[in-house]
Amino acid sequence: MASRDLLGAAARPESLTFRQRWSHYIAVLYCLVATLIGLNLRDAALTATISYTNSQAGIRAQYPANWLIDESGNYVFRVRDLSRPGFKTTIQVATRPVSPLTSTRNVLDALNLSRAQTLAAYEVLSEEFYALPDDVAATAMTYTFVDTQDNPFLQSIPVVVQGLDILTIRGGQALVITFLADASAFDRLRPVFDQFLDNLEF
Amino acid sequence: MLLAVRFVTFPSALKQPTALFVALFPAVLWLRFSWLRERTVPEPRQGLLLVAVIAALAANAVGVPFVNNVLRPDEWLPLSGAVSRIVGYAFTVGVIHEFIRYLVVRFTVWPSQYRTRLDAVAYGAAAAVGYATVLNLHFVLSADPTPEVAALRVFDELVRQVAGGIIVGYGLAEVRFNTRPFPFLLAATIAFATLITGIAIPVASGLANVTLSVNSPVTAANPLRGFLFSALLIVGVAAMLVFLYNTAIRQDQEAAAGEV
């Protein structure tokens, strides 16, 4: 018995020829394969990285391609996604010398005191244990602040920024790896930072 | 329409309503000049409105969420090189749009409502108008553009969808009416339509946003170039398809005459 299509007309699947049927099979197959290629292109583009090596600081990292690297501040290096509208997603690696008696708590307190004076509405959300990929013990501190546009001619609404510091002390140095992103996109962008940490060597 | 919204200053309160009207304008035109006129002929094409509505629903339910949330081309394609952008847009935006519209036509009106080859153009255009209307409404409601920007975007999107619709329509017509259709032809038309999308998106935006003069190194946006490119694209695709349809119809007539 012939089925009926949406318009009530008799659909005749049995009347399709071998070539007609295979035309549709191949068309659907092409579309599925092309979609998989598209997904693969997306993954390749979003996870593409560039190598960075700093022998003086003893750091080797893979940062996202198309991000802008900057080594001119009080950090080892910083990379930012300048293509993002609003707050530019940032990954920063900084080191600071510490004495043998300095604890993680001391470094975090120093960071908090410094940021509370320079960042608007700075607030720490959580501090917890964190294990870096090679089982190095570290501390993760999550915080937020409000970022305003520096240029007074660019009118924009302040952005709530969420930050994550991964802090570890090793060989007389405190290593602070910072991830900053628009709070509304923080969770979605977090895999970029996780991938960065996975490939970080120090 | 483009000239009207370009040279008329709208009060800010009317900006979004005007942009919404601009987004819906192609659908209004299609209803008036295609669907309504079809009602007056002795044997109207059945299901044109159904195809347009299902294509619009499929775009809203599957096409837009899949492109925006899964493929996310805006996050990784704009900074790529020219060839990468063409390939990227073809295999993401292009293939999803063409695949969904193909499925809509395939499982609603093909082959029962195809009486002549030109039915493929009518149903392909109906699916394209429905699909493009949803894409344009998403743009207008999310980006809050000025009416002239909305008009240019609506035109670009409509051209891409209609061009793809009639190209894939040619493939569906060949599979329906050719006694021995080449099995890869339908897939080839879908591939060609996705390539057209892949080329049209970066080229139209590139022409609209960059200067072509070495004497004027500062980038000056010129949306008219993007508009002209889209206009040439639809004229070129239409001319090519007219030639292909005419050739196929002539071959059908010659074959029929040979049998007699």
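Mentor: Start with one pair of side chains. B:Glu75 forms a salt bridge with A:Arg188. Their closest N and O atoms are 2.8 Å apart. Keep in mind that this is a predicted model. Between chain B and chain A, the count is one salt bridge. Polar contacts across this interface come to seven residue pairs, with both residues at pLDDT 80 or more.

Now ask which parts of chain B touch chain A. H5(B) gives the most, with nine residues. Look at the classes next. The side of chain B that touches chain A has 27 nonpolar residues, eight polar and five charged.

Next, the extent of the interface. In contact are 40 residues of chain B and 29 residues of chain A. The size of an interface is often given as the accessible area lost when the parts come together. Here the area buried between chain B and chain A is about 3,100 Å². Carbon and sulfur atoms give 70% of that area. In chain B, the residues that lose the most area to chain A are B:Trp76, B:Phe91 and B:Pro183. Together they make up 20% of what that side buries.

Stay with chain B for two backbone details. B:Arg72 is found in the loop between H3 and H4 of chain B. It has a positive phi of about 45°, although it is not a glycine. Further on, B:Pro111 lies in the loop between H5 and H6 (118–143) of chain B. The peptide bond from B:Trp110 to B:Pro111 is cis, with omega near 0°.

Find helix H3 (residues 186–199) of chain A. A:Arg190 and A:Asp194 both lie in this helix, four residues apart, which is about one turn of the helix. Their side chains meet in a salt bridge, at 3.1 Å from N to O. Over all chains, a search of the whole structure finds 18 salt bridges.

Now take the strands of chain A. S1 (residues 49–54) and S2 (residues 59–64) of chain A run antiparallel, and six bridges join them. A:Tyr52 stands opposite A:Ala61 in S2(A). S1(A) and S2(A) form a hairpin, with four residues between them. In the turn, A:Gly58 has a positive phi of about 70°.

Finish with A:Gln92. This residue lies in strand S5 (residues 90–97) of chain A. Leave out residues up to four places away in sequence, and A:Gln92 touches A:Tyr75, A:Phe77, A:Arg78, A:Val176, A:Ile177 and A:Thr178. Compare that with A:Val107, 15 residues from A:Gln92 along the chain. The C-alpha atoms of A:Gln92 and A:Val107 are separated by 16 Å.

Notes:
Residues are numbered from 1 along each chain as its sequence is written. Chains are lettered from A and ligands numbered from 1 in the order in which they are written. Side-chain values use heavy atoms; hydrogens and water are left out. Two strands pair if DSSP finds at least two bridges between them. Contact means heavy atoms within 4.5 Å. Buried area is the accessible area (1.4 Å probe) that two parts lose on being put together, summed over both. A salt bridge is a side-chain nitrogen of Lys or Arg within 4 Å of a carboxyl oxygen of Asp or Glu. A polar contact is a pair of N or O atoms within 3.5 Å; within protein, one must be able to donate a hydrogen and the other to accept it, and residues adjacent in sequence count only if both atoms are side-chain atoms. Ala, Val, Leu, Ile, Met, Phe, Trp, Tyr, Cys and Pro count as nonpolar, Asp, Glu, Lys and Arg as charged, and the others, Gly among them, as polar.
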